[in-house]
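Subject: Structure handover

Hello,

Here is the structure I promised to pass on. Please open it and keep it beside this email while you read.

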Amino acid sequence: MPTLRWTTVSTPAPDTEAFVMASRLEVRSFKDVPRFFLHSLSAWKQVSRAPGAYGASLIAEPLKRTFWTLSAWEDKDALYEYARTEPHRSIMIGLRPTMKDSVFTFWQAPAAELPIAWSDARRRLAEEQARSRS
């Protein structure tokens, strides 16, 4: 399972809060996996220079057609600005038809707790998915 371990982009002051986002993204078909993975690498590079980014990680499970992202930001505005900026904006639009299922969750965490554990992110994503299905 290819994993891009947590990469710290900038170090926040320990007494601040981070805005955290986790996602689980599943593509419809195995033929979509290479394209999705290549685009996710472009988005990954973008995070490394995005204003307000604290850090990010990616897990790819190609045989399950599933990708997991985890990132921490200065605030919600920094995350949303990243999402609206190229190449991420075009990647989201271009990959939309290939997506089978997507789950996103957001929360605040003390910056001193970064990086967030994947076990916590996966638990929160499972809870969000259960909420959205009920």
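Start with helix 2, where Glu81 and Arg84 sit three residues apart, about one turn of the helix. Helices here are DSSP runs of H or I with at least four residues, strands are runs of E with at least two, and both are numbered from the N terminus. Glu81 and Arg84 form a salt bridge, with their closest N and O atoms 2.9 Å apart. The term salt bridge means a side-chain nitrogen of Lys or Arg within 4 Å of a carboxyl oxygen of Asp or Glu. Glu81 is partly exposed, at 43% relative accessible area. Buried means under 20%, exposed means over 50%, and partly exposed is in between, with a 1.4 Å probe and protein chains only.

A word on the source. The model is predicted, so local features need pLDDT of at least 70 and side-chain atom pairs count only at pLDDT 80 or more, while totals for chains, interfaces and linings use all residues. Residues are numbered from 1 along each chain as its sequence is written, and side-chain values use heavy atoms, with hydrogens and water left out.

Salt bridges

How many salt bridges does the structure hold? There are 13. One of them joins the side chains of Asp101 and Arg24, at 3.5 Å from N to O. Asp101 is in strand 5 and Arg24 is in strand 2, so this pair ties together parts that are 77 residues apart in sequence. Asp101 is partly exposed at 21% relative accessibility. Arg24 is buried at 15%.

Lys100 and Glu26 also meet in a salt bridge, at 3.6 Å from N to O. This pair links distant parts of the chain as well: Lys100 is in strand 5, Glu26 is in strand 2, and they are 74 residues apart. Lys100 is partly exposed, with a relative accessible area of 49%. Glu26 counts as buried at 10%.

Now look at the wider set.

The largest pocket

The largest pocket holds about 650 Å³ of space. A pocket is found on a 1 Å grid over the protein atoms alone: it is an open set of points where a 1.4 Å probe fits, with protein on both sides within 12 Å along at least five of seven lines. Lining residues have an atom within 4 Å of a point. Grid points are joined across faces, edges and corners, and the volume is the space filled by probe spheres set on the points.

The lining has 28 residues, and Ser23, Leu25, His88, Met92 and Phe104 lie nearest the centre. Which element gives the most to the lining? Helix 1 does, with six residues. By type, the lining residues are 19 nonpolar, eight polar and one charged. Ala, Val, Leu, Ile, Met, Phe, Trp, Tyr, Cys and Pro count as nonpolar; Asp, Glu, Lys and Arg count as charged; the others, Gly among them, count as polar.

A surface patch

Tyr80, Phe104 and Phe106 form a nonpolar patch on the surface, with about 270 Å² of accessible area together. Patch residues have over 30% relative accessible area and no salt bridge; like charges are joined within 9 Å, and nonpolar side chains (Val, Leu, Ile, Met, Phe, Trp, Tyr) within 5 Å. Accessible areas come from the Shrake-Rupley method with a 1.4 Å probe, and for residues only the protein chains shown count as cover. Tyr80 lies in helix 2 (residues 76–84). Tyr80 is partly exposed, at 34%.

Backbone and loops

Most residues other than glycine have a negative phi, and most peptide bonds are trans. Keep that in mind here. The peptide bond from Glu86 to Pro87 is cis, with omega near 10°. Pro87 is in the loop between helix 2 and helix 3. Leu114 and Pro115 are also joined by a cis peptide bond, with omega about -5°. Arg65 has a positive phi, near 60°. Arg65 sits in the loop between strand 3 and strand 4, and is buried at 15% relative accessibility.

Last, the loop between strand 5 and helix 4 holds Ala112. Ala112 is exposed at 58%. The C-alpha atoms of Ala112 and Thr16 are 7.8 Å apart, though 96 residues separate them along the chain.

Best wishes
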